[in-house]
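Subject: Structure handover

Hi,

Here is the structure I promised to pass on.

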Amino acid sequence: MTLYSIFEKPAAKTRLGEGRSAEGPVAIAERFSWFALLLTPLYALRHGLVLLLLFWIVLVMGLFYLAPMIGPDAASGIYWLVALFLGFEAPTLRGDALKTRGWVWRGDVIASAEDIAQRDYLDSVGAAAAR
């Protein structure tokens with residue numbers, strides 16, 4: 001079981017009041033991301049994390065420039081330490097990016113998969129609206 005943070009885009013006001021957003025909720029697993037560790041630029045592009053992509057490019061270019069001065073082993077070690085950090089922080093970076101785009105954090109759900117977390121959240125919202 002995994003803890004998922006649920007984000008939802010608020011619906012635009014309509015003439016008849018507030019409707020539901022056309023986009024469904026997003027569930028972000030709060031766990032280590034191997035994808036972010038091993039393929040940081042692809043992870044950043046996949047999730048729209050432009051600042052992370054720019055940071056990664058600057059890091060790689062800086063380490064390439066500094067490698068002759070600090071040694072290739074030290075440069076490689078620094079790279080893998082930063083990559084490990086990004087693997088742990090990937091869910092937080094995704095959540096913060098969604099918040100800056102106007103999405104709202106709606107809570108946490110414990111589920112075995114992302115789609116089940118989304119379904120459980122929608123069920124809880126539907127049950128609260130029925131009361």
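This is a predicted model: local features need pLDDT of at least 70, side-chain atom pairs count only at pLDDT 80 or more; totals for chains, interfaces and linings use all residues.

**Helix 4**

If you follow it along, you'll come to a bend of about 60° at Glu89. Once the helix is over, look for Gly102, which follows it and has a positive phi, near 100°.

Which residues of helix 4 are buried? They are Ala75, Tyr79, Val82, Ala83, Leu86, Gly87, Ala90, Pro91, Arg94, Gly95, Ala97 and Leu98.

Is Phe85 buried or exposed? Its relative accessibility is 51%, so it counts as exposed, the cut-off being over 50%. If you want a distance to check in your viewer, take Phe85 and Gly95: they are ten residues apart in sequence, and their C-alpha atoms are 16 Å apart in space.

**The largest pocket**

The largest pocket has a volume of about 400 Å³. It is lined by 21 residues, and those closest to its centre are Ile28, Tyr43, His47, Arg94 and Glu114. Arg94, you'll recall, is one of the buried residues of helix 4. Which element gives the most to this lining? That is helix 4, with five residues. Strand 4, helix 1 and helix 2 supply at least two residues each. By type, the lining of the largest pocket has 14 nonpolar residues, two polar and five charged.

**The second largest pocket**

The second largest pocket holds about 240 Å³ of space. Of the 13 residues that line it, Leu49, Leu51, Leu52, Leu93 and Ala97 are nearest its centre. Ala97 is another name from the buried list of helix 4. Here too helix 4 gives the most to the lining, this time with seven residues, and helix 3 supplies at least two. The lining of the second largest pocket splits into eight nonpolar residues, two polar and three charged.

Over to you!

Terms used. Residues are numbered from 1 along each chain as its sequence is written. Side-chain values use heavy atoms; hydrogens and water are left out. Buried means under 20% relative accessible area, exposed over 50%, partly exposed in between (1.4 Å probe, protein chains only). The bend at a residue is the angle between axes fitted to the seven residues ending there and the seven starting there. Helices (H or I, at least four residues) and strands (E, at least two) are DSSP runs, numbered from the N terminus. On a 1 Å grid over the protein atoms alone, a cavity is a set of points where a 1.4 Å probe fits but cannot get out, and a pocket is an open set with protein on both sides within 12 Å along at least five of seven lines; lining residues have an atom within 4 Å of a point. Grid points are joined across faces, edges and corners, and a volume is the space filled by probe spheres set on the points. Ala, Val, Leu, Ile, Met, Phe, Trp, Tyr, Cys and Pro count as nonpolar, Asp, Glu, Lys and Arg as charged, and the others, Gly among them, as polar.
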